[in-house]
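Please keep the sequence and the model at hand while reading.

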Protein chains: 2
Amino acid sequence: MEILDELLNSTGEWLKGRGEMSDIVISSRVRLARNLQQTPFPSRATLEDREMVLELLHKAQATQGSLSETIFLDMEKITALDRQFLMERHLVSQEHSVFVKKKGLIFNREETLSIMINEEDHLRIQAIRSGFTIFEVWDVINKVDDELSRMIPYAFMPDIGYLTSCPTNAGTGIRASCMLHLPALVMTKRINKVLELVAKLAFATRGLFGEGTQALGNFFQISNQVSLGVSETEIFNNLAGVIKQIREQELQARELLMTKYKMSLEDSVYRAVGLLTHARLMASTETLHHLSVLRLGVDLGIITGIKTELVNNLFIITQPAHLQKIKGKRLTEEERDYNRASILREKLKEGQ
Amino acid sequence: MEILDELLNSTGEWLKGRGEMSDIVISSRVRLARNLQQTPFPSRATLEDREMVLELLHKAQATQGSLSETIFLDMEKITALDRQFLMERHLVSQEHSVFVKKKGLIFNREETLSIMINEEDHLRIQAIRSGFTIFEVWDVINKVDDELSRMIPYAFMPDIGYLTSCPTNAGTGIRASCMLHLPALVMTKRINKVLELVAKLAFATRGLFGEGTQALGNFFQISNQVSLGVSETEIFNNLAGVIKQIREQELQARELLMTKYKMSLEDSVYRAVGLLTHARLMASTETLHHLSVLRLGVDLGIITGIKTELVNNLFIITQPAHLQKIKGKRLTEEERDYNRASILREKLKEGQ
């Protein structure tokens, strides 16, 4: 698919390493859950219902101003590799990449906006940007939502708000989240205490790929648990407060590492560089670990000459589907490990 | 001590990586155990007896032609650091470096010859060279032994041969050994089988620093167990036979790695290089491991531009006493790890 090959050679805006607090806040994301009136929700819908939703959204994509720069994809019409590729870029969920019957995707080239069609809800609208930019992201998504709501009759009840497949999403239908990089809290073994506090404040912590995924590479996605009975502004302000507190803790942990454990920290960072620039075979979990430590080294000025954007990009392009699209063919696990190591060496050599 | 500072900047002949089979046989060594007639052996000798032996040997060192290029050291008169330094260079045993009362050392600048005075026996004469050179080494030590025997009345009984503190050394008083580097046998998990065979053939296996030391860095010292009732020639010929067999096994294991496991082998070698050239703190055991893998990489032509002699030398100069002599002061363990990592980076950068 030509458009996906284009993506392969670009970096999503949310990985640029810019925006407020971008040393720790990789990206900010708002996701809206929306459903059509008088149409069974996806889990109960017939194929005809789903087909109708898909066509309606395809029409919307072609006509709505806020979607004028977007692309429409029928998930059934692309290869399994391309679906995995979209998942690796965080444009679709894992579920959306595996079960694809009558599913669709609308997204823009900057990868700041995507709409999954017929996932858990009829519409899952997502906007994302790098850094702590939750309010900017909200402006974008709000505009899209407003426009779509004029064309599409949303399932909505005055007392509750938007109706969703899962009651935890009902109300505003909003999930706002930030992807945080917290290596120093992990290294100083303070992370669990911080995450307990986050849970007490009714925020959820998830891994790199959302619900049910592990906190690989010291990435933690923090999002609101409650979307019912609170306003959008409350959700965003609360999130902002929590993110600032976590960032404060991470900065303190970094300060501790830089003062009391500097030699050992530098050792860890340079060892990561040594392995990333020398290994001939590198599995994906190991890669995430080393890139995470390298990113910390770049943030703290231990490593100069390698940009945060490059490191962020390496997290993405060393994933299995990316490696296979770059190579233009299916690869075995060992071939992936080999190609991953080659790409890391090549890109980090350029970047040094 | 000026002479020891000179040694610090030179590499012992036995580490030059030359001589027959030097890909696998680091060095060949012959050690003779000799004692004076009518003088209690060191463990039972009075201080006066020991003093007498020490003085006799000092005189011998000053007058005998075969010792004309040697240095005499009173072990009591050098610092604990210098004693450890001599042990790290394999010029004295661990015991000789710790318990030093009335002990002496005679050695030459090339470090091919050394005589420990009042170790387990009155005289422990050692000759060593790089590669499989057991017969050349024997010629050297034999000449020294002949000359000393004319001046010093050795404890000798026609039926038994030379008398020694421990009966296992009696007879010829010879221990002949080769230091082997067997990384491929370790990697392919064949080493135990090979060492079992070695034991059956009545040869002993020891670690890097002789009796009671571990097989660190994949180095194994193979020596004859029996010195009684066999001739010198038999000992050397038997050793030569065993060494050739072990080398054959190691070469087969290397061949297997280079054919069936090439990618994984290259990965291990380059990871070792990456860590050796990047780490900021490196403990001694880890260093031995990485240098061992690097040496294999150099032997197999995976790494070019780094010479075997440099790698061999790094094994020696990254030891604690060497690091402290290079730095000119006592170092804590963490300081040693830091300096070890610095020296490795510096020397391997030069060598690449």
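## Salt bridges

A:Asp299 and A:Arg254 form a salt bridge through their side chains, at 3.3 Å from N to O (a salt bridge is a side-chain nitrogen of Lys or Arg within 4 Å of a carboxyl oxygen of Asp or Glu). A:Asp299 belongs to helix H10 (residues 284-299) of chain A and A:Arg254 to helix H8 (residues 232-260) of chain A, so the pair ties together parts 45 residues apart in sequence. Helices are DSSP runs of H or I with at least four residues, strands are runs of E with at least two, and both are numbered from the N terminus. A:Arg254, at 4% relative accessibility, counts as buried, whereas A:Asp299, at 26%, counts as partly exposed. Buried means under 20% relative accessible area, exposed over 50%, and partly exposed in between (1.4 Å probe, protein chains only).

In chain B, B:Asp145 forms a salt bridge with B:Arg34, with the closest N and O atoms 3.0 Å apart. The two residues lie in helix H5 (residues 134-151) and strand S1 (residues 25-34) of chain B, 111 residues apart. Both B:Asp145 and B:Arg34 are buried.

## A buried glutamate

A:Glu88, in helix H3 (residues 80-88) of chain A, is buried yet has no salt bridge. The side chains of A:Glu88 and A:His322 are joined by a polar contact of 2.6 Å.

## Basis of the values

The model is predicted: local features need pLDDT of at least 70, side-chain atom pairs count only at pLDDT 80 or more, and totals for chains, interfaces and linings use all residues. Residues are numbered from 1 along each chain as its sequence is written, chains are lettered from A and ligands numbered from 1 in the order in which they are written, and side-chain values use heavy atoms, leaving out hydrogens and water.

How values were computed. Lys, Arg positive; Asp, Glu negative; His and termini not counted. Polar contact = N/O pair within 3.5 Å; in protein donor to acceptor, adjacent residues only side chain to side chain.
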